[in-house]
Amino acid sequence: MATWKEVAFYTDVAVLSTQLAHDVGTVASAGVAEDASKHDHVHILGGGSISLANKLASGVVDAAALGSDAVTTIKINTGAVTSGKIGIAAALNFNGYQAKNFIVHQATIGAPPTAVVGKWFQDSSTKKFYVCTAL
Amino acid sequence: MAVTWKQLAFAADVALLSTETAHDIGTSASAGSASDASKHDHVHIVGTGAINSAGMFAAGVVDATALASNAVTTAKILNSNVTVAKIAIDAALDFGGFQGTNFIIEQSAAAPAVPVVGKIYQATGDQKFYICTIAS
């Protein structure tokens, strides 16, 4: 069987570009160039190219991705640091401020908390107040 | 009809369309060295480590949804940045045996409106120290 194949006109086909690939941006485009990308071309992400929160899948910014000291005051929502999030690992300096609505540790003299000089508690039965003065 | 001559392309002058997977988005732009072309509907994926500078993010795009649970560990919080307004005590706070230094007893002219057994205050009038032993 005879075979006829179309030969492309030169102006109808693309030549391969030697220009740098355009940065990934925020608006998709078919482009206007008349040359084609080589298959192994590499794009880089352009400045601000990740411009919407929904570009990031849920949870992709994990602890490893966050820089040390990246979370500053303005990044923390008011009231977001709840009791369970606080881990006292050193003396907490109140800087001379009051602890309002502070409740003394409730225990019993029969089962007191671990003794530390200065530690206090209130006996939940007798309501008497105790302070440790020596170990 | 005007006489028209069109140049025909030799096979060596034109690109064939590649069937290879598009290269990952990287950190170094490149023109590539292949001799075949990408199809216009090719899709790139973001390569490992391709997002390597903060400047690639617009302000605020790393929002609460994007942050993984427990991602904000101690090392990620700048010292002294958890200010009082950010703290919401919603359960007994365990001091873990550590001191509350420079601690000031609540100062109040009268007994607190909400008594709780164990609540303490110092009266601003007579400076006496009070603890609630019966709340109701």
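The secondary structure of chain A comprises 0 helices and 8 strands, where helices (H or I, at least four residues) and strands (E, at least two) are DSSP runs numbered from the N terminus. The order of elements from the N terminus is accordingly β-β-β-β-β-β-β-β. The model is a predicted one, in which local features need pLDDT of at least 70, side-chain atom pairs count only at pLDDT 80 or more, and totals for chains, interfaces and linings use all residues. Residues are numbered from 1 along each chain as its sequence is written, while chains are lettered from A and ligands numbered from 1 in the order in which they are written.

The model has an ipTM of 0.70 and a pTM of 0.73. For chain B the mean pLDDT (the predictor's confidence in each residue, from 0 to 100) is 88, and 100% of the residues of chain B reach 70 or more.

The radius of gyration of chain A is 34 Å, whereas a compact globule of 135 residues would have a value near 14 Å. This radius is taken over C-alpha atoms, and the globule rule is 2.2 Å times the number of residues to the power 0.38. Along the principal axes, the C-alpha atoms of chain A fill a box of roughly 110 × 40 × 25 Å. Of the 135 residues of chain A, 12% count as buried; a residue is buried if 20 or more other C-beta atoms, placed from the backbone, lie within 10 Å of its own, exposed if 12 or fewer do, and partly exposed in between. Among the contacts in chain A with a separation of 6 or more, 6% are between residues 24 or more positions apart, a contact being a pair of residues whose C-beta atoms, placed from the backbone, lie within 7 Å.

In chain A, an open sheet of 3 strands has the order S6-S7-S8, with mixed pairing; two strands pair if DSSP finds at least two bridges between them. Strands S6 (106-107) and S8 (129-131) of chain A are the edge strands, each pairing on one side only. S6(A) runs parallel to strand S7 (residues 120-123) of chain A and is joined to that strand by 2 bridges. A:Gln106 has A:Gln122 as its bridge partner in S7(A).

Chain B also contains an open sheet of 3 strands in the order S6-S7-S8, with mixed pairing. Because S6 (107-108) and S8 (129-131) of chain B stand at the edges, each with a single partner strand, one side of each is left without a neighbour in the sheet. S6(B) and strand S7 (residues 120-123) of chain B run parallel and are joined by 2 bridges, with B:Ala123 in S7(B) as the bridge partner of B:Ser108.

Between the chains, 81 residues of chain A are in contact with 79 residues of chain B. On the chain A side, strands S1 (15-16), S3 (81-82), S4 (92-93) and S5 (98-99) each supply at least two residues. The residues of this side divide into 43 nonpolar (Ala, Val, Leu, Ile, Met, Phe, Trp, Tyr, Cys and Pro), 7 charged (Asp, Glu, Lys and Arg) and 31 polar (the others, Gly among them). S3(A) pairs in the parallel sense with strand S3 (residues 87-88) of chain B over 2 bridges, and A:Thr82 has B:Ala88 as its bridge partner in S3(B).

B:His23 is found in the loop between strands S1 (16-17) and S2 (36-37) of chain B. B:His23 counts as buried because it has 21 C-beta neighbours inside 10 Å. Leaving aside neighbours within four places in sequence, B:His23 is in contact with A:Asp40, A:His41 and A:Val42. The C-alpha atoms of B:His23 and B:His44 are separated by 6.4 Å, with the two residues 21 residues apart along the chain.

How values were computed
Contact = placed C-beta atoms within 7 Å.
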